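Here is a short report on a structure and its contacts. The sequence and coordinates come first, then the notes.

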Amino acid sequence: MTLAEGVQLVSFGLLAIMVIGTALGVVLLPNIVYSAFLLGGVFISIAGLYVLLNAGFVAAAQILIYVGAVNILILFGIMLVNKNQPFSPVRRGWIRLLATGGVCLGLFALLATVVFGTSWQISSAVPAGDQATVLIGIHLFTDFLLPFELASILLLMAMIGAIVLARREFIPDETPADAVSDALTLPERPRELVSATGETTED
Amino acid sequence: MIPLEYYLLLAAALFCIGIYGLVTSRNVIRVLMSIELLLNAVNLNLMAFSNYLDPATATGQAFAVFVISIAAAESAVGLAIILAIYRNRDTVDMEAFNLLKW
């Protein structure tokens, strides 16, 4: 990355503010749809940070996979399980919030202590830059070949598993009346559409 | 050059926000989103280390690509499980999913 020092610092600051702000929005906003869209903001800001870190290929992969696939999948999930229900308050729920906040702040303090207490061996080698894509390809087909093939098998298993899990429950002992026209459809248990008339999407 | 510590601090903050959302969320979809935040924080750490400690070989970037693909599979299966459990229990409240609680 051949940017000037000040430009890098300012872009890092802006992207960091965007990451932290949108991540807080994902966690804290009451409306789940806003959270899902802010999650896309987190992913895009992190892709910008990857560009600052001389990793253009991973930044493109981040936008394609996270923003293009995972975020859209989560939005479709919200549409499918959009139930308009007020959550019953938990007994002594504030203790949980306080304890979790304390644990998270403590974890952050611990990590910050480790980060500043370690003397990192900063390398002075020239970054790969645009050659990183070639290097990733070489890695994937030489020393990371086994994880690469395992990842493809895992993706296949995840696809089949997701289809099997998300399919509607079917009734095995019910035979279709019209065997010819229903030959390709499984007999599924009919179900009513839940909260299809709800107007708000408050969770 | 931006110090490595800035990136690590940013990733640590993102990780802590993700942990907070993972524990305190009531909506099950928000729990899934928090897990994505955690994975992104880990990825940011990997990329920062790859750029600062080992910039010539790009091994950390290959690791990040693996983590991204695993995260995609995880979110697909997670949403399928959420759909199945939603049909069973008819709610998205995490407190209602206490079938395995002793």
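## Aromatic pairs

Over all chains, the structure holds 8 aromatic pairs. One of them is formed by A:W120 and B:F49. The geometry is tilted, with 5.2 Å centre to centre and 50° between the planes. A:W120 lies in the loop between α4 and α5 (132-141) of chain A, and B:F49 lies in helix α2 of chain B, so the pair joins two chains. This is a predicted model.

## Interface size

How many residues does each chain bring to the contact? Chain A gives 85 residues and chain B gives 70 residues. The area buried between the two chains is about 7,100 Å². Carbon and sulfur atoms give 76% of that area. On the side of chain B, the residues that lose the most area to chain A are B:R30, B:M33 and B:F66. Together they make up 9% of what that side buries.

## Polar links and make-up

The rule finds 1 salt bridge across the interface of chain B and chain A. A:R96 forms a salt bridge with B:E95. Their closest N and O atoms are 2.7 Å apart.

Which elements of chain B give two or more residues to the side that touches chain A? They are α1 (4-24), α2 (28-52) and α3 (59-89). The largest share comes from α3(B), with 24 residues. By residue type, the side of chain B that touches chain A divides into 50 nonpolar, 12 polar and 8 charged.

## A closer look at A:T100

A:T100 sits in helix α4 (residues 93-117) of chain A. Why does A:T100 count as buried? Its relative accessibility is 8%, and the cut-off for buried is under 20%.

Leaving out residues up to four places away in sequence, A:T100 touches B:Y20, B:V23 and B:T24. Within chain A, A:T100 and A:P86 are 14 residues apart in sequence. In space, they are 22 Å apart, C-alpha to C-alpha.

Methods. Residues are numbered from 1 along each chain as its sequence is written. Chains are lettered from A and ligands numbered from 1 in the order in which they are written. This is a predicted model: local features need pLDDT of at least 70, side-chain atom pairs count only at pLDDT 80 or more; totals for chains, interfaces and linings use all residues. Side-chain values use heavy atoms; hydrogens and water are left out. Contact means heavy atoms within 4.5 Å. Buried area is the accessible area (1.4 Å probe) that two parts lose on being put together, summed over both. A salt bridge is a side-chain nitrogen of Lys or Arg within 4 Å of a carboxyl oxygen of Asp or Glu. Helices (H or I, at least four residues) and strands (E, at least two) are DSSP runs, numbered from the N terminus. Ala, Val, Leu, Ile, Met, Phe, Trp, Tyr, Cys and Pro count as nonpolar, Asp, Glu, Lys and Arg as charged, and the others, Gly among them, as polar. Buried means under 20% relative accessible area, exposed over 50%, partly exposed in between (1.4 Å probe, protein chains only). Rings of Phe, Tyr and Trp (its six-membered ring) pair if their centres lie within 6.5 Å; planes under 30 degrees apart count as stacked, over 60 as edge-to-face and the rest as tilted.
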